[in-house]
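These notebook entries record what I looked up in the structure, entry by entry.

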Amino acid sequence: MELLIFYPIAGLCVALALGVILNTSPVGSAMCLIGMMLGLAGIFVLQQAHFIAVLQIIIYAGAIMVLFMFVIMLLNLKQTASADWISRDKNLFITILTSALAVGILYKIVDIIFMADLDSPAELPDTFGTVATVGESLFTDFVLPFEVASLLLLAAMIGAVVLAKPKLD
Amino acid sequence: MFEGTVPLAHYLTLSAVLFVIGIAGVLVRRNVIVVFMSIEIMLNAVNISLIAFDHYLNLSNGQIFSFMVMCVAAAEVSVGLAIIIALHRNKPTVNLDEFNLLKW
Amino acid sequence: MEPILAPKSIDLIALAPVLVLSVFAMGVLVLDLWAGKNKTLIMFVSLVGLLMTAISAFAKNPIPAFAFTDSYIVDHLSIFFTCIFTLSSAMAILLSSDYNEREEIKVGEYYALILLCTVGMIVLASSTDMIMIFLGIEIVSICLYVLAGFKRDDPVSNEAALKYFLLGAFATGFLLYGMTLVYGSTGSTNLFKIAEFVKTQGAQSNPLLLMGIVLLIIGLGFKVAAVPFHMWAPDVYQGSPTPVTAFMSVGPKAAAFAAFFRVFAETIPEMAPAWEMLLCSVAVLSMFVGNLGAIMQTNIKRMLAFSSISHAGYLLIAVIAKSSLAGSGLLFYMLTYTFTTFGAFGIIILLGRKGQENLEIENYSGLAYKHPILAISMTVFLLSLGGLPPFAGFVAKFYLFSAAMEEGFVALVIIAVLNSAISFYYYLKVVVFMYMKEPAGEFQISLAPMTLFVIIIGIIGTIDLGIFPDSIIALTNIP
Amino acid sequence: MFLTFVTFLPIFGAFFLAFLPKENEGAIKQTALAVAAADFLLSLLLWTNFDDSSHRMQFEYNISWIESWGINYHIGIDGISLLLYVMTTFLTMICVIASWDVKKHIREYMMAMLALSTGMLGVFISLDLFMFYVFWEFQLVPMYIIVGVWGGPRRVYAAVKFFIYTAVGSLLMLVAIIWIYFHIKETTGVATADILFITDHLSAPLDIQKWLWLAFFLAFAIKVPMFPFHTWLPDAHVEAPTAGSVILAGVLLKMGTYGFLRFNLPFFPQASYDFMPFIAWLSIIGIVYGALVSMVQEDLKKLVAYSSVSHLGFVMLGIFALNEYGIQGALIQNINHGISTGALFLLVGVIYDRRHTRLIKEFGGLSKQMPIYAVCFMIVALSSIGLPGMNGFVGEFLVLLGIFQVNGLWAACATSGVILAACYILWMFQRVMFLELKNPENMKLKDMNVRELITIVPLLILIFWIGLYPKPFMKTFDASVNHLVSRVSPDNFRPKQDHGAGGHHASLITKRELAKLNQKLKKTSHN
Amino acid sequence: MLLKLTCLVPLFPLLGSIINGFFGLRIGKNAVGIIAAGSMGLSFLTSVLVYLGYLMLPEGQHAYEQVVWSWFGAGDFHVDFGFQVDPLTLVMMFVVTGVGFIIHVYAIGYMHEEYSFYRFFAYFNLFASAMLLLVMGNNFLLMFIGWEGVGCCSYFLIGYYFEKKSACDAGTKAFIVNRVGDFAFLLAVMYIFNIFGSIDFTTVMHAAPEKLIYAGEAVTIITLLLFVGATGKSAQIPLYTWLPDAMEGPTPVSALIHAATMVTAGVYMVVRCSALFNLAPMTMMVVAGIGAATAIMAATIGMTQFDIKRVLAYSTVSQIGYMFLACGVGAYTAAIFHLVTHAFFKACLFLGSGSVIHGIHGEQDMRKMGGLKNYMPVTYWTFLVSTLAIAGIPPLSGFFSKDEVLYHALMDGNIIFWGMGISAALLTAFYMFRLVFMTFHGESRVDPQVHPHESPKVMTMPLVILAGLATGGGILGIPLFHGWHILHNWLEPVLHFDLANALHHSEHMLHEAGRHAPSWAHLLDPAEHNIWLEIFLMVFSACVAITGIAAAYIFYIKRPDLPEKFTKGQWGFELVKNKYGVDELYDSTFVQPTVEGSKLLWKECDAKAIDGTVVGTAKTIGWLSKQAQAFQSGFVRNYALFIAVGFISLLLIMF
């Protein structure tokens, strides 16, 4: 069952990811990215990380991608797409080389992954991945990161405001 | 026929594939937004590994981690997009190759 | 539904510096609403905050103390680093106050961001959990992305921010991936647990762990601008507002080195055979590329950027040597580096004015005859960076090289000293222009008091640490 | 404490100068001169209180400096450093006078000069490796500034070359110093960089000794400079202002030879022994090569610079004769070279000031126009070629005598330098001083003025004093050299029965052995 | 008591030199002259007193040493600034101070027109002082001070007319050629110290028989080196070339330095070290051979020169050759004897030539002289007397000294040496009379605008005195009656050498080394003094001299056209006239290659190879820097690419 679900979703995700980087239009890329993120949420569910799956959808697909779309619209990027890589022939060679490099890296990583002898997974309790479990450890063992993350968001907020404000006083 | 679980290695492989696609995106694209999206792909790819390891080890650290990653991603996106907007104000383009004042 | 238990170990005393500084950061933010155009008050509040942070760093006693389920540590390293961070941030703020006035950056958030960034550095230096380290790095990075682009109307500053941001995020991906793999192969994000796992399970040859280490080197190497992950540094240093450049070449770098040292030297020294080679090559490359790159530069900020790349190379030696002596050396080096770098940037700021920053080395022609004291100060800073006695840089290098030598890295030390020799060339180039060329134009220097103050601190620190380093060396000694 | 005072007096003088108004040049010069002269007189006081009969360090002062590392502020003087110390203060004084007419930035010039003096003095008194290194590198800066700011047209090139070339060498020495520091810590349990302690306790295996030796060698050989590390010297000398050249030749180069005596020999006696032929040949090449190249120079200063290479070759040869004659000769030759070459540079400076050229072909017949100058020049030139009765001879002869004890062939090769010295100096002298006064520019030249005479006359007196009665100078280092020689004697590290065996020993002939060998030779001659 | 005055002997001229040098311009020419000559006179008088003091030494003591101060030393090496007075020194002292004084007086007249009169006398006095140091020093190094000192003064004096290029060149050449000899001398001194542990003459000469093996390698090398030193100073083959050029100096200089004193220093040194030379038969052969060869070669060149002073210069070289011939055959007394008489007559000849040159306003070419005997009678007669002396006409001094040399060459040497010597004697008589005839006899070829005149008294008086000495000097060593040889008896203590004892020691040392000593018994046979042979030789050489004179008479008085006829187109003559091309040979084999080679060394080796490496390293670094810059392209994707490449490289390193 897991197999049946995993491989199609995995394939889809990879395809969508490729779609992101191969699409000429930024809006198309964004769409593909949303799709990929939703697919990943499925994979998280498959791994019983329900909480994270939900967050994935809410934060990523919901918030972050909306922000992307917003900016794309704001900047009205359609016109500039033609200047992108596909229209430039002279960079084709470099692109191929880069792709070769990427494939090389991939090959190496996968090679290493399969080098590791991984035991079969542990027996999972039912509570694995639930909001309660994750929340508990988030507010006990990982309370500090949780708090620090708030500082991070604060900093990001200030920064975004400072930079994006149309006019500084 | 489709019994059994997906081995960890396959999750990791998926993660790796997406990660490398992200890298490739950064390397070949010139549109700032798309490059940025590629980076998001990379972060997402890592999340797969994190969850897979959690699943495999029966721990929750990975989930916390991925939660933090999402936080960070959100923060980065907000700042990053703000930068892009600020940039666009001075130079209405998103082609990375045109940001080439600083070199050598 | 059972209630969530209170966290097992919440030790706010240990966390005091972070708390104090966060409060001040937010306070500054709020204060800014009423402060109006003049940011002097905000600056002073920030300075007070930093001072109190430095004091509160010593609140925890005895050390080492662990808090938050061993994810936070107060030890010698973290306290000393906290002091360095507060010092560097204070100096950055001092530099900024005049600079911002000149460049008409009248934004109170600027100070808040520096303070928040400092918080991130403290977190980074004190964390013993990879999640915390990750967050610390991200706080620092995000603040810096913004700070780098703070001159919003300046395309160069914009570009610097964009480049830094894109590459930083890219590198974050690697760092994250590395942490993930380390976590996956050791079963914990906590450094102590990882250390224990490595020690007891003998995971030295676990390929995932090894790849994780490689990725960690990339992530952290990016933050310290080590070759080949250094490419952002010259551009960003050049493009950023000068005080920010000074700031980011000291504080965040120190923080990243703290993390580097914690992760590599303290957590997985057993795996040294695996990562030693990598770090050695990165260190050697950094030294060479940094120094070679600096030689041809005509822009002084860019030159100092390359120089900081080479310094990253020297500092990596401390990580490679991984003894406690090396840790002490790292501390001492960072401290001297703080003084000298801020001093040098202080002079660079002083020489510029609105619309004409005078960043080309040619602009320094004949400085010695118009402003001999400034020229002498600059000479002292540059020579100290080069590692010439009797300035602090020499003692620091001696310290580091000694540590490496004690561990038997003779070849590395030889390469490092040869690189020092190369580095003299470009440091001297500035001296040549200052002393041995005729003035090209007029210097219109307004001796801004805060900047001068920083320069004076820099001079005192550089010379005092060079001639009477004993007290500080005693402080740096990691027990 | 007194020694500390004397050493740091100049740099405090420099600080003081910084507060004098720039415009008041007279006061600046007088203050500088007063400081330099006071320092010289005080250093003479050191000399008079120096006990010749002891090889020990005197005026020692030892307090902790960097306690955590066991590094001390340890200073002291023994016979080997005393004269160099006094010569440094002496030449500084001379140089201040010689720089009286510097036009540009006189205050900064004097400050650099005084700072340089402290740096050099520090090198000679440091008894802690760390401290030694600090001074060793520190004095580069003022010298660099002096050459770079007040030098000739290619001053920047020369200054940078000087700085970096010397820095490269000394940095490797730093590596060796650190190594020794840890080695001592490991073997004796004492963390210290004290030179005396290290001298007594350093015992590195031979192969490591050799590496360390080479590291020190490089630093000092560049400084000396030995062939083939000499190419910075002509550039630096040519471009440096007169006083800079004098100091450079008179003191800075001596730091190299001093280093050999203070470190290479006592630290690594065995390596020194093994490297003896290597050094000897390098020195001999230096002597001959320096002389030959000097002969065809067109620039007066360059000629003198190359002659320095030749002269310093003698010094090095003497040091590595590893016997009393050689080392004493080398030490006195050190002083001689400082005096003679210093005087030569001063004299070249005199005509450079008047004509702003140093090309030999621009001159000719000067002795008609400037008779006093010609006489001074003649005396100095003859001293430089080692005419007996003048200072150069005493040193050269002892050096040659020393090396003759070791190997007659080396001595013969080195002695040929005596001939070549006469060639280049006399030929130069002839072209500058003799022949017809043709160049109209030279016809209005004025003879030396009183100030110039004041700078040169003390050196002339020393030339004859050392030449005729060097005892007061030589007895200062007698005891120290004896001690040093006994330390590097091969008996210390080679078992006695080893003597005479092994190919290496064939080249090391003591006097007693020579008598035996004489007989052996005799046998063969009758076959 | 009187011996305590020893140190004053060289001091007076030194003081004179210093006074003249510093104040010469102010005190006027007369005072300068008086001080200069006076200091020499005082020095001479002191020498006399020292001599008296020496005579008062107790029986059996032959030398007096006076250490003035300890010069320098290191370890067990030690050298004093000390003087010694022994018979040999006394002879030399008298020659130097006596002849020196006379020439000083002469020079007052000769140099009177010179502007830098004072300079001349400062150098001149300094020279005398150095020469005295040379002969009075009690050790090798002190001798070396004098040795170099005289060379140095000679350099100054040759280059006295420093505006003339030829004079400067000649001076430099003299100095450098001398230095070549000094080089060997120094090595010899070092070798001596190596063996004896001392360089004092007394110690070394006394210990020589015990420490050195007869004909051993060490002593051979030492003596050869010493001899090379001597050839430099005494202008022998192969280092004689500087002396003829040295005639660029004023004539009194030539007389004092390049005839009477300095050039004989080599002979003095060999005699001084006779104890060493006696042990080295091979060196002795070399010394004699070189001496004889030089004598004959210089004589041949002398026959072909037209410059009056050059002829005399070659004559000097030739005569010193005689002295070395004498040394080489062990006849040290004869060498010294000839040295002394040569000092007299050659000084007289030079001064005479100076008088001639003075009289015809600086002309030196003999082809532009002739018939001068009427204009300058005193000069002529004194010159003639000295010429007869040098030619070996009895009973003038030269006759006795030269015959003694020839006699010993035959008796102690071999017939070849004698043959060479006697041929040289023939040539001497010929070219000296050629000189006299061309200068004083025959038609006057003087430039009609010049009116030859006799020199003033101050110049002619010295001529007369010297001519007198040249005439009567032979009395020092009339050989016919054994035991009457004053000089021989006088020098006996210095030259006494017990060959038997030396051989005994050598045998002993060889024995200890386990070697058989060769048979040296034949060496111990005493050579008998064959008075009839000597008388025969005397008569024979007198005849030879007369033959030479007669030939000269025929060639230059009777048939002045003959020389032209004989020499025209003869390549041999051209060769000799060009001094056998030795100067050119040296120039092309030593001087040019050295200069050219040095230029090459400088331009190619130093500037390109060595400095090129240094600068090249710097340039390479600069080039690398440029390359490194190229990577910094400013494109974000390139930077990212670097990270990716770094990633894969690290992975590849790791795995």
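**Entry 1. Chain A**

I read the elements of chain A from the N terminus on and found the order α-α-α-α-α-α. I note that the model is a predicted one. Of the 169 residues in chain A, buried residues make up 49%. I also looked at contacts in chain A between residues at least 6 apart in sequence, and 58% of these join residues at least 24 apart.

**Entry 2. Which chains touch**

Which chains have the most contacts among the eight pairs that touch? I found that chains A and B do. I then looked up two pairs that no contact joins. Chain A and chain D have their closest C-alpha atoms 38 Å apart, with no contact between them. For chain B and chain D, also without contact, the closest C-alpha atoms lie 25 Å apart.

**Entry 3. Chain B against chain A**

I recorded 70 residues of chain B in contact with 83 residues of chain A. The two chains bury about 6900 Å² between them, and carbon and sulfur atoms give 77% of this area. I looked for salt bridges across the interface of chain B and chain A and the count was zero. Polar contact, by contrast, is found there for ten residue pairs, both residues at pLDDT 80 or more. On the side of chain B that touches chain A, helix H1 (8-28), helix H2 (32-57) and helix H3 (61-90) of chain B each supply at least two residues. H3(B) gives the largest share of that side, 23 residues. Sorted by class, the side of chain B that touches chain A holds 45 nonpolar, 18 polar and seven charged residues.

**Entry 4. Chain C against chain E**

Met231(C), Leu292(C) and Met296(C) supply 25% of the area that chain C buries against chain E, more than any other three residues. The contact involves 34 residues from chain C and 21 residues from chain E. I found zero salt bridges between chain C and chain E, and five residue pairs in polar contact, both at pLDDT 80 or more. Several helices of chain C each supply at least two residues of the side that touches chain E, among them helix H6 (155-186) and helix H11 (272-295). H8(C) gives the most to that side, with nine residues. By class, I noted 27 nonpolar, four polar and three charged residues on the side of chain C that touches chain E.

**Entry 5. Salt bridges**

I looked up charged pairs next, since side chains of opposite charge can pair when their charged atoms come close. Over all chains the count comes to 39 salt bridges.

In chain C, the side chains of Lys39(C) and Asp32(C) meet in a salt bridge at 2.9 Å, N to O. Both Lys39(C) and Asp32(C) are buried.

Arg262(C) and Glu266(C) form a salt bridge through their side chains at 3.2 Å, N to O. The two are separated by about one helical turn because they are four residues apart in helix H10 (residues 242-267) of chain C.

In chain E, Glu148(E) forms a salt bridge with Arg179(E), with the closest N and O atoms 2.6 Å apart. Glu148(E) lies in helix H4 (residues 140-158) of chain E and Arg179(E) in helix H5 (residues 165-196), so the pair ties together parts that are 31 residues apart in sequence. Glu148(E) is buried, with a relative accessible area of 2%, and Arg179(E) counts as buried at 1%.

I also found a network of salt bridges in chain C that links Arg102(C), Glu103(C), Lys151(C), Asp154(C) and Glu357(C).

Helix H16 (residues 371-384) of chain D has 14 residues and reaches 20 Å from its first C-alpha to its last, close to the 20 Å expected. Eleven of the 14 residues of H16(D) are buried, including Tyr373(D), Phe377(D) and Ser383(D). Gly386(D), with a positive phi near 80°, follows H16(D).

I then looked up Asn391(D), which is found in helix H17 (residues 391-406) of chain D. Asn391(D) has a relative accessible area of 0% and is therefore buried. The side chain of Asn391(D) makes a polar contact with that of Ser340(D) at 3.4 Å. Beyond its neighbours within four places in sequence, Asn391(D) is in contact with residues including Ser383(D), Ile463(D) and Gly467(D).

How values were computed. Residues are numbered from 1 along each chain as its sequence is written. Chains are lettered from A and ligands numbered from 1 in the order in which they are written. Side-chain values use heavy atoms; hydrogens and water are left out. Buried means under 20% relative accessible area, exposed over 50%, partly exposed in between (1.4 Å probe, protein chains only). A polar contact is a pair of N or O atoms within 3.5 Å; within protein, one must be able to donate a hydrogen and the other to accept it, and residues adjacent in sequence count only if both atoms are side-chain atoms. Contact means heavy atoms within 4.5 Å. The expected span of a helix is 1.5 Å times one less than its number of residues. Buried area is the accessible area (1.4 Å probe) that two parts lose on being put together, summed over both. A salt bridge is a side-chain nitrogen of Lys or Arg within 4 Å of a carboxyl oxygen of Asp or Glu. Ala, Val, Leu, Ile, Met, Phe, Trp, Tyr, Cys and Pro count as nonpolar, Asp, Glu, Lys and Arg as charged, and the others, Gly among them, as polar.
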